[in-house]
Amino acid sequence: MLDAEGLWDKGTGDLTGKPRIPLFETVVGLSNAMDLVNPGLVDHHKRVAYIALSIGAEMGLSYGEQTNLLWAGLLHDSGAISLKERRGVSASTQLNPEKHARLGYLLFKDFKPFSEVATLIRYHRTPWNEGAGAEANGNGVPTGSHILHLADRVAVLLRDQKKVLYQAEGVTKEIATQSRDLFVPEIVQVFESLAAKEYFWLDATSPAIGSILERRSVSVIVELDMTQLIDLAKLFCQVIDFRSRFTSTHSSGVATTAEKLFALVGCSETEAAMMRAAGYLHDLGKLAVPLDILEKPAGLTTEEFKIMKTHPFHTYRILETIDNLHTINEWASLHHERLDGSGYPFHYRSDAITLGARIMSAADHFAAMTENRPYRPGMPASRVLQIMQEEVEARCLDPDIVSALARHSDEVNEVRVAGQTAAYAEYQELSRQFDAIC
Ligand SMILES: [Fe+2]
Ligand SMILES: [Fe+2]
Ligand SMILES: [Fe+2]
């Protein structure tokens, strides 16, 4: 029998009390994850947040408005990540920039702390168009969206190969030529006054931009409780999963499977919630893996597999920057470790792999093999359990967890199917709403 109590002592950490998660670190972590998709644009989300926040402060916007600019800057391109594949557009095709902004809005609009942030994101690519851009589709466009638009453009124009102060004048002129057409003239003026000061450019491109932003953060919401963390983790699960239609419900399936397995083994309500959040986030690092590798049905080359193997490393490094997320990070990020030490990326052996991580690993195997993919149907649970038993014999998976799964395989599979069906329905609903506003 599995001794849950004993296994806790192997390092899952203190699970008493409800963890409260710092919002700033969480959003920065998630924005860093999105930056992995486009390594050419260094710190893109943080730079846009810094520039937008600086302009907002200079314009005398309220603290609340400045805070919303900060969050919106950090998250503004969330919609772009999942859009290319969803719409069947090839990577080289230029997307209608307003569409990704609208998808970003749909992703965040129902997350309470970010409902206004979602609106800023929705219109962040609306051109000023000599004043016509004060409205879009009959709705007023917030000033914050126009600030974001300019900040986004400035960040894209900066080249990392060249010293920033050599570029400042050229970028400022380029923005000025688009005053009235793309950007609000008053916002351009405020930007120009900031652009005359060296610190603005040096801050915007500083490797320490994360801590500069944190010191300037004026948020009133500083922490997330477990429910809010789950909601935010689920949003990011959508950003990760919707990126590819091949795996559009994978993380949701892993989250519900892992939560159910944990309950079967015995866990508290808080631990179950933490496991669900960990499941949603376990493949966060896949944002660093190019789509052609992610979507190759089988037979990755040695080189491609090396790239694929980086994903749990990225998940780990991103989540470890967030206070109070240590346990969730371990459960999420060690899902490719094996008990015999031959897993990746840390090659931990059994004594370093906690119960939660073992459950996640089993849930990931189970969901990956049972779920349908466009290029193959899912395998029957009975066949998957045979394969997992072989993995137990090869010292990959935990024997107690796999036998608990085998004893309750119908129940676990039902929960897995329900989780993925619900995620698919949400995906369809998002697509419907997306088509309705495009
Ligand atoms: Fe952007
Ligand atoms: Fe994975
Ligand atoms: Fe996975």
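**Close-up views of a predicted model**

**View 1. Helix α21 has exposed residues on one side and buried residues on the other****.** The model is predicted: local features need pLDDT of at least 70 and side-chain atom pairs count only at pLDDT 80 or more, whereas totals for chains, interfaces and linings use all residues. Residues are numbered from 1 along each chain as its sequence is written, and chains are lettered from A and ligands numbered from 1 in the order in which they are written. Helices are DSSP runs of H or I, at least four residues long, numbered from the N terminus. Helix α21 covers residues 381-393 and spans 18 Å from its first C-alpha to its last, close to the 18 Å expected at 1.5 Å times one less than its number of residues. A381, V384, L385 and M388 are its buried residues (20 or more other C-beta atoms within 10 Å). Seen down the axis of α21, these residues line one face because they fall within an arc of 100°, the arc being that of the directions from the helix axis to the C-beta atoms.

**View 2. R338 lies in the loop between α19 and α20****.** R338 is buried, with 20 other C-beta atoms within 10 Å. R349 is eleven residues from R338 in sequence, and their C-alpha atoms are 6.8 Å apart. Leaving aside residues up to four places away in sequence, R338 touches G343, R395 and C396 (contact: C-beta atoms, placed from the backbone, within 7 Å).

**View 3. Helix α14 packs against helix α22****.** The angle between α14 (residues 250-265) and α22 (residues 399-407) is about 100°, and their axes are 10 Å apart. Axes are lines fitted to C-alpha atoms, for helices over the stretch in contact, and angles run from 0 to 180 degrees between N-to-C directions. The two helices are therefore roughly perpendicular (65 to 115 degrees). L261, L264 and V265 of α14 meet I401, A404 and L405 of α22. These contact residues comprise six nonpolar, no polar and no charged; Ala, Val, Leu, Ile, Met, Phe, Trp, Tyr, Cys and Pro count as nonpolar, Asp, Glu, Lys and Arg as charged, and the others, Gly among them, as polar.

**View 4. The axes of helices α6 and α7 cross at roughly 170°****.** The axes of α6 (residues 97-108) and α7 (residues 115-122) come within 7 Å. This crossing makes the pair roughly antiparallel (over 145 degrees). A101, R102, G104, Y105 and F108 in α6 meet V117, A118, T119, I121 and R122 in α7.

Definitions and conventions:
Buried ≥ 20, exposed ≤ 12 C-beta atoms within 10 Å, placed from the backbone. Parallel < 35°, antiparallel > 145°, perpendicular 65-115°, else oblique. Contact = placed C-beta atoms within 7 Å.
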